[in-house]
Every structure is written in structure tokens, then in C-alpha cells.
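Q: I would like a close look at one part of this model, and then an account of what lies around it. Please keep it plain.
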Amino acid sequence: MPLTECEAEVKLGPDGLARVVLRGRLSARTVVDCWNYLEQRLRAERVKTLEVDVSGVDFCGGAGFALLRYLNLGKMTPGAKVSVTGLAAGFQRIFEGFTAKDYDTFHPRPQKQSHPLVEEAGSATRRLIGDLRDQVDFLGGVAANLPPALIYPKRMRWPEVRHVFELAGANAVPIVSLVSLLLGFIIAFESAQRLAEFGAQIYVANTITVVMVREMGPLMTAILLAGRSASAFAAEIGTMKVNEELNALETLGLSPIRFLVVPRIVAGVLVAPLLTCYSVLMGVVGGALVMLGLGFSLKLILHQMASSVHLNDVAAGIEKGVVFGVIVSGVGCWRGLQTEQGPSAVGLSTTRAVVTSLLLIIVADACFSTISFFLKS
Amino acid sequence: MNETDDMVITVKDLSIGYGERVILEKINFQVKRGEVFVILGESGCGKSTLMKTMIGLNPPQSGEVWIEGGNLVTAEGDERLRLLRKFGVMYQSGALFGSMTVLENVRLPLDEFTDLPEPLKELVSLAKLKLVGLGGAANKMPSELSGGMQKRAAIARAMVMDPGILFLDEPSAGLDPITSAGIDLLVSGLARQFGITFVIVSHELASIYAVADRVIMVDCSARGIIAEGKPAELRDGAVDPWVHRFFNREADASHSIQPA
């Protein structure tokens with residue numbers, strides 16, 4: 001079997017004797033052909049004694065040594081006695097650098113990986129309890145660190161607050177504008193179709209205002225904040241934890257909660273209601289544009305809009321904004337602090353931050369609706 | 001074999017820097033086959049940048065880097081891939097992939113670039129790990145290894161394709177003297193036994209004396225190479241005061257704190 005750079009030859013003798021002669025270059029590329037040829041020739045035979053003659057080999061790379069060791073281990077000829085002869089002195093030393101015994105010692109054995117249901121349930125419960133304990137820990141830390149920072153404004157890191165305020169608030173204005181404007185469009189068009197059946201298209205203005213002020217404004221803003229800022233907080237704090245910056249803070253006597261979390265929560269609480277108001281405004285503008293297109297006069301639209309909401313509706317929207325702001329920034333920071341080691345840890349915390357904040361936002365929203373329903377009735 | 005054949009790396013009129021800033025200007029040097037070549041210099045003077053340029057990660061501002069007869073600066077596509085296979089690199093932190101076990105890290109190039117059968121890939125990787133003294137750590141995750149072990153695993157990964165050249169970025173940084181001496185032994189052993197050419201960026205004096213055949217020293221203010229030669233010669237015969245201080249581990253007078 002002619003090979004370009006490596007030749008292998010198998011001679012079969014009596015009494016299960018096989019002689020393999022290798023010649024040429026044994027590199028990662030050429031070894032593949034040798035391997036296939038030897039597999040084909042040796043596997044079929046019942047070999048008792050295998051002699052590997054490599055005196056014709058003039059280069060032997062890592063793959064070549066692996067092939068020789070593999071033959072030597074008797075993996076191709078189970079049960080046979082194998083000898084490798086004729087290696088040049090330098091190669092012989094390298095060959096002996098990894099012996100059959102080394103293979104037995106270091107060869108990774110497949111680990112038994114079975115997780116019975118009880119074990120799974122147990123570890124899941126443990127994780128859940130650990131998560132809860134972490135939450136309580138975190139809330140306690142915030143409760144201990146937030147009031148002093150508010151009472152003594154000098155202790156607050158205002159530059160950080162301003163920075164986060166800009167990143168989470170000002171930089172979010174374009175996306176909030178677009179989403180809210182389109183939301184206004186959508187609600188207006190959808191309700192206009194239905195209300196036209198009753199000849200009550202003028203009430204599109206009422207619908208859009210109530211929906212935006214009480215529900216969609218705060219909710220959309222919170223969702224955008226969760227996507228933009230909770231993830232950013234988690235990633236930022238998580239990376240700091242991976243880089244041991246949080247440990248550095250601790251040993252400098254600075255609480256990460258006071259130093260990193262409190263400014264973010266304060267900024268979140270300030271920015272969320274403002275963005276909510278802005279989102280409501282844009283939504284209403286979107287709705288008004290649709291109504292103008294439907295032929296209503298601006299004065300009429302404005303009158304309908306003003307009469308449909310009261311101050312307590314606006315207050316309810318802003319309250320939601322505040323609560324959602326706390327949730328988004330708190331959860332973002334908390335998940336960031338929970339980050340473990342390793343390259344995937346930051347990604348995991350970011351995902352968790354977004355998912356947890358969305359979940360809590362919806363739960364909080366449901367609580368708001370329930371409470372306001374019973375307060376009114 | 002004539003003299004030019006014997007040079008595995010030739011750096012020609014190489015200028016490197018970031019943006020407008022030039023760190024090193026028109027430097028020239030060559031690395032011989034089988035030698036342990038060390039790049040020295042003050043922190044922040046472009047040692048690591050020089051190495052990154054030599055391995056093709058940083059495009060230089062001008063100049064050429066020839067590795068085994070190919071210009072890495074201009075090479076593209078398959079030619080670049082061919083040149084990249086000529087050397088292995090160990091990064092300062094090891095840069096092992098954290099989501100894979102040590103063995104998977106080491107065998108990754110074999111999986112990607114060869115058609116070797118599974119058992120052979122495993123044998124090759126295990127043999128390389130044994131060579132760096134990590135046979136027993138094959139199944140561990142990188143995060144379970146100490147800094148020195150991570151570096152040694154990274155060397156095993158860098159040499160799994162049998163490259164003729166190994167680049168090591170600060171192999172002894174952050175290691176205790178014993179571990180660091182272990183890496184030195186590994187380097188000189190590999191250079192002697194396998195004839196591997198080493199290009200090492202370092203400023204660990206003890207390790208330089210132990211392994212280096214030849215050193216060059218780059219300097220910020222000169223924007224170039226200020227010394228070249230055997231480490232012992234530079235220690236005893238350096239004219240440049242800075243080089244003299246470096247090799248004799250003497251502080252700059254401006255760094256001392258004057259008693260009040």
C-alpha cells in the first residue's frame with residue numbers, strides 16, 4: 001500500500017505472529033492512513049504476537065507516538081504481546097515519556113451520571129431555599145444601606161447616580177419614544193375598528209389615555225428598562241465579581257451594596273417614573289395622530305383625553321413606575337452579585353436578571369390592579 | 001543548511017503602536033531554530049504588543065514578520081492558516097476555555113484540524129499533558145487548577161499540533177519560585193528534547209538566566225531595541241545604565257523614598 005509520506009506494511013506469520021513495518025514520516029496527517037490500513041489488516045486476524053518495526057521511521061510527531069503507544073497497548077490486537085522496536089534513541093526517550101501505565105492512570109473514565117428524581121427534587125429545593133436566603137440577605141443589605149445614604153446625602157455617590165441615570169434614562173429615550181408612539185398607534189387603530197361598529201369612535205381618545213396612563217405606559221417602560229438596564233447592571237456587577245473587584249471593595253472596607261447597589265436603585269427609582277410619564281405622553285401623541293387621521297379635531301381629542309383621566313389615575317401610573325424602577329434596578333444588582341465564577345456566569349446572571357425582573361414586574365402589576373379594584377368598589 | 005534557513009522568525013523594519021502613538025519603531029531581529037529567545041523590557045513598553053504582532057493578532061503600522069518563510073503580516077486565507085499552524089501560543093492567563101475540561105481544551109485543535117481517530121486524539125492529548133506534568137488533571141475543569149497548572153495546560157494545548165515554535169507570554173508571572181522553576185525546566189527540556197524554538201516575553205530575571213539563549217531588550221524612550229545578547233553577557237558587560245540596572249536588579253534612584 002503506497003503512501004506519500006508514511007508506509008505501513010503488515011506481514012502475517014505462523015502461530016498468530018504479525019509483523020508491522022512502518023517507514024517514513026509519522027505526522028498527524030499521515031498517521032490517519034496508517035491507522036485505517038492497520039485497523040483493516042489487524043482487526044480481522046487473531047494476532048498473538050505483534051512486532052512493530054519502526055527502524056525506517058525518520059520523523060515521529062505526537063500523533064505518531066500515539067499510534068505506536070496504541071499498538072503497544074494492544075488495543076488493535078486484543079490479548080496479543082506487542083513489542084515496538086527500532087526507534088531512534090531520541091524518539092525512544094519521548095516514546096517512554098508516556099507509558100502504558102500512564103495511560104491506565106490518566107485515562108479519564110466515564111463518570112456515572114444518574115440523577116434519581118428524589119435527588120433532583122432535593123437539590124432543586126436546596127437551590128430555591130438558597131436563592132430565597134440570598135434575596136433576604138440582599139434586601140437586608142439594601143435596607144441597612146439605603147436610609148443612611150438618603151439621610152446623609154454626602155455618603156451617596158452622586159456622580160455614579162448621575163452616570164447610571166444617564167445610561168438607563170436619557171439613553172433609553174429614543175427606544176421608549178418609538179415603542180410608545182407605535183403602541184399608541186396600535187391601540188388607537190385596534191379600538192377604532194371595534195368602536196366604529198357602535199359609532200363611538202370618539203371614545204378612542206378615552207381608551208388610549210386610560211390604557212396608557214394606568215397600564216401600558218408603566219408596563220412598557222418597565223419592560224424596556226428590564227431589557228436595557230437590569231441586564232446591564234447584572235453584567236456590570238457580575239463582571240466586577242468575576243474580576244475580584246467586589247472582593248477588593250470589601251477589603252477596602254466599602255460595602256458593595258452601598259457602593260454599587262444603592263446608587264443604581266436610587267437612579268432606577270428616579271428614572272422609571274420619569275420615563276413612564278414620557279412614555280404615556282408619546283403613546284397619547286400616537287393615539288391623537290391616528291384620531292386626527294380619522295378626521296377628529298384636535299380640540300375635541302384633547303377635551304376627550306382630559307376628561308377621561310383623573311389625578312389619581314396619573315398617580316397610580318407614577319406609583320407603578322416607582323415600584324417597577326425598584327424591581328428592575330434591585331433585581332439587576334442582586335443577580336449581578338450572585339454571579340459565580342467562569343465565563344458563562346455573567347451571561348447566566350444577565351439572563352436571570354431580565355427573567356426575574358419581568359416576572360416580578362407582572363406580579364407587582366397584578367397586585368396593583370387587584371388593590372385598586374377593591375379600593376374603588 | 002545555510003544561515004538564512006536556520007532563522008525561523010525574521011522581524012524586518014517593524015513599527016508598532018496604537019493609533020497615532022508609536023511604541024516601537026523600525027525594529028529588526030531574527031530568531032534561530034531551536035533557541036530560547038526572550039523579549040525583555042519595562043512594563044508597558046510594548047513587549048506583549050510586539051508578541052501580539054509577531055503572532056498576527058495585531059496589525060503592525062509597518063514592517064514584516066516572516067515565520068518559516070511566510071510573511072504573517074500580509075498572509076491571508078489558507079496561507080495565513082498554514083503559518084498559524086507553525087506556532088503555538090501560551091497567553092499570560094492561560095486562556096483555557098472555561099467550559100471544557102483540561103483534556104478537551106488540549107484536544108480541541110486535533111478535533112478541528114485533523115482526521116485522527118478518537119483513541120489517538122485522546123492518546124496524543126494525554127501524552128502532552130503528561131509531558132507538562134498534568135496527566136492526572138485531564139478530567140478537571142480549568143477553574144479547578146492553580147495558576148501554574150493552568151499555564152502548563154495552556155502549553156500542552158499550544159504544542160498539541162507539534163508546532164516548531166512556541167510563544168509564551170510571561171510564563172512565570174504570578175507564580176511561586178518553585179512552580180516558576182518547574183516551567184523553566186519544562187521550557188529548556190522541550191527546547192532540547194524536541195528542538196522547539198521558544199519566544200518568551202518575560203521580566204523574571206531568575207528565569208531568564210535559567211532558560212534564555214539570547215535576549216533582546218526593548219525600551220520606551222528609545223522606541224527600539226537597546227540591547228541584544230546572552231543574558232550573562234548583558235549582566236556583566238552592559239554599557240547602557242538602564243540595561244545594567246535591569247540585569248543587576250537595581251532600582252532607579254527616583255523610585256527611592258527619601259527619609260524625612
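In which sense, parallel or antiparallel, do strand β3 (residues 36-41) of chain B and β9(B) pair, and over how many bridges?

A: β3(B) and β9(B) pair in the parallel sense over five bridges. This is a predicted model, in which local features need pLDDT of at least 70 and side-chain atom pairs count only at pLDDT 80 or more, while totals for chains, interfaces and linings use all residues. Residues are numbered from 1 along each chain as its sequence is written, with chains lettered from A and ligands numbered from 1 in the order in which they are written.

Strands (E, at least two residues) and helices (H or I, at least four) are DSSP runs numbered from the N terminus, and two strands pair if DSSP finds at least two bridges between them. Strand β9(B) covers residues 214-219, and five of its six residues are buried, so the strand is largely enclosed by the rest of the structure. Buried means that 20 or more other C-beta atoms lie within 10 Å of a residue's own, with C-beta atoms placed from the backbone; 12 or fewer counts as exposed, and anything in between as partly exposed.

β9(B) also pairs with strand β10 (residues 224-229) of chain B, here in the antiparallel sense over five bridges. D219(B) has G224(B) as its bridge partner in β10(B). The two strands form a hairpin with four residues between them, and R223(B) in the turn has a positive phi of about 55°.

Elsewhere in chain B, four strands make an open antiparallel sheet in the order β2-β1-β4-β5. β2 (21-32) and β5 (70-71) of chain B are at its edges with a single partner strand each, so one side of each has no neighbour in the sheet. Within this sheet, β1 (residues 7-18) and β4 (residues 62-67) of chain B run antiparallel and are joined by five bridges; V11(B) has V65(B) as its bridge partner in β4(B). Helix α1 (residues 47-54) of chain B lies across β1, β2 and β4 of chain B at about 120° to β1(B). Such angles run from 0 to 180 degrees between N-to-C directions, along axes fitted to C-alpha atoms, for helices over the stretch in contact.

Chain B also meets chain A, in a contact that takes 27 residues from chain A and 25 residues from chain B. Residues are in contact if their C-beta atoms, placed from the backbone, lie within 7 Å. On the chain A side, α2(A) gives the largest share, seven residues. That side has 15 nonpolar, eight polar and four charged residues. Ala, Val, Leu, Ile, Met, Phe, Trp, Tyr, Cys and Pro count as nonpolar, Asp, Glu, Lys and Arg as charged, and the others, Gly among them, as polar.

The largest nonpolar core has 102 residues, and L67(A), L120(B), A156(B), L166(B) and V199(B) touch the most other members. A core is a set of buried Ala, Val, Leu, Ile, Met, Phe, Trp, Tyr and Cys residues joined through C-beta atoms within 7 Å. Leaving out residues up to four places away in sequence, L67(A) touches L26(A), V31(A), C34(A), W35(A) and L120(B). A second, separate core of 56 residues includes V164(A), A188(A), V211(A) and L260(A).

Definitions and conventions. Two residues are in contact if their C-beta atoms, placed from the backbone, lie within 7 Å.
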